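The following paragraphs lead the reader through selected local features of the structure shown below.

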Amino acid sequence: MSTVIEHIETLLVDLPTIRPHKLSMTTMACQTMVIVRMRHSDGIEGIGEGTTIGGLAYGPESPESIKRNIDIYLAPLLVGQSSSNIHQLRSRLNRHARGNMIAKSALETALLDAQGKRLGLSVAELLGGARQEHLPVLWTLASGDTAKDIDEAQLRLEQRRHCDFKLKIGANSLDQDVGHVAAIKQALGDRASVRVDVNQAWDESTAVRGIQALQDAGIELIEQPIPAREHAGLIRLANRFNVPMLADEAVQDARDGLDLVSGGFSGAFALKIAKSGGIHGVLELAHVAQAAGVGLYGGTLLEGTIGTAASLHAWATLPEMTWGTEMFGPLLLKDDIVIKSLNYTEFGVTLPQGPGLGITLDEEKLAYYSRQ
Ligand SMILES: O=C(O)C[C@H]1C=CC(=O)O1
Ligand SMILES: [Mn+2]
């Protein structure tokens, strides 16, 4: 008899951050992850993670909606189904439930983790094999204080932890933001690549002024300067400036990617398993980008170790990414819920080894940080 999905459990896990993390739409002191535990009839458990930023501040799914929608709508679509045909299970979820991409991503991760454990293969091997085992990782400077950000960057450089930095701007006035970014770039000089993420905070005319000033200050990449839906505006900005644009909230999946490139967008796409409903969806977007000559960037919604590992297995199957990755989520958290944390060395992270994700839950820590 074939293996079936027997039970799906979801847990809300709250982990404090090492310092306040200030974005244009929220300031985080804690990260909430939805952890999925999926038990199969052969005794194997697959784990997955669905995580967003700042409750409902970042996007239309909150941790609580992810958990409830899995429990009430998505899990019943999977329980009793055969475990191993992941494409069929994805179609079933998409046929019966719209949206909920983060929830779907968490479930697909758990399916892939279980299938890998069953076959004795890593998730990257299930996807055809890893082309890279060590991926570059940037760090986001977002303490809200210029001097603190400079100290943090110097330390990360000395530790050989990170040499690329992304600054979160858009919460303050344009002049304040430009002053902040230029001061950090000047302090770090050629030792570091400095990029910004505006998280949709500007309108197009503010963006024109802001990007010109940031380009003059030596900033290397401008992420999502204007609202997600303004594709035409993002294309205009990409064509107007030498500094490249990185589409993040504007590009959820392959369809968005196709719209942008067919409209004349150039630059790069931030890939996130959470935006695209999981690993297969995000690889579809990556393939559109590759075909169109758009650069790749491995993005995060600040997931913990499970979601970060799942993303790394996906990125590992791609050729070297033009803009590296930002898979630093676990480093922003004070503690972890896994036995062995990811290994960050030499300005990057190593792909975890072993069957499935290569990650084992720490039951005590999980119980301690889980919401009652
Ligand atoms: O890119 C985003 O919009 C979300 C996230 C990634 C890094 C970070 O600090 O926030
Ligand atoms: Mn972003």
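Arg160 is partly exposed, because its relative accessibility is 40% and partly exposed covers the range between buried, under 20% relative accessible area, and exposed, over 50% (1.4 Å probe, protein chains only). The model is a predicted one, in which local features need pLDDT of at least 70, side-chain atom pairs count only at pLDDT 80 or more, and totals for chains, interfaces and linings use all residues. Residues are numbered from 1 along each chain as its sequence is written, chains are lettered from A and ligands numbered from 1 in the order in which they are written, and side-chain values use heavy atoms, with hydrogens and water left out.

Arg160 belongs to the loop between α5 (146–158) and β6 (164–168); helices (H or I, at least four residues) and strands (E, at least two) are DSSP runs, numbered from the N terminus. The phi of Arg160 is positive, near 55°. Most residues other than glycine have a negative phi. Asn199, in the loop between β7 and α7 (204–216), also has a positive phi, near 45°. With 5% relative accessibility, Asn199 counts as buried.

Asp197 lies in strand β7 (residues 193–197) and Glu223 in strand β8 (residues 222–223), so the pair ties together parts 26 residues apart in sequence. Asp197 counts as buried at 1% relative accessibility, and Glu223 counts as buried at 2%.
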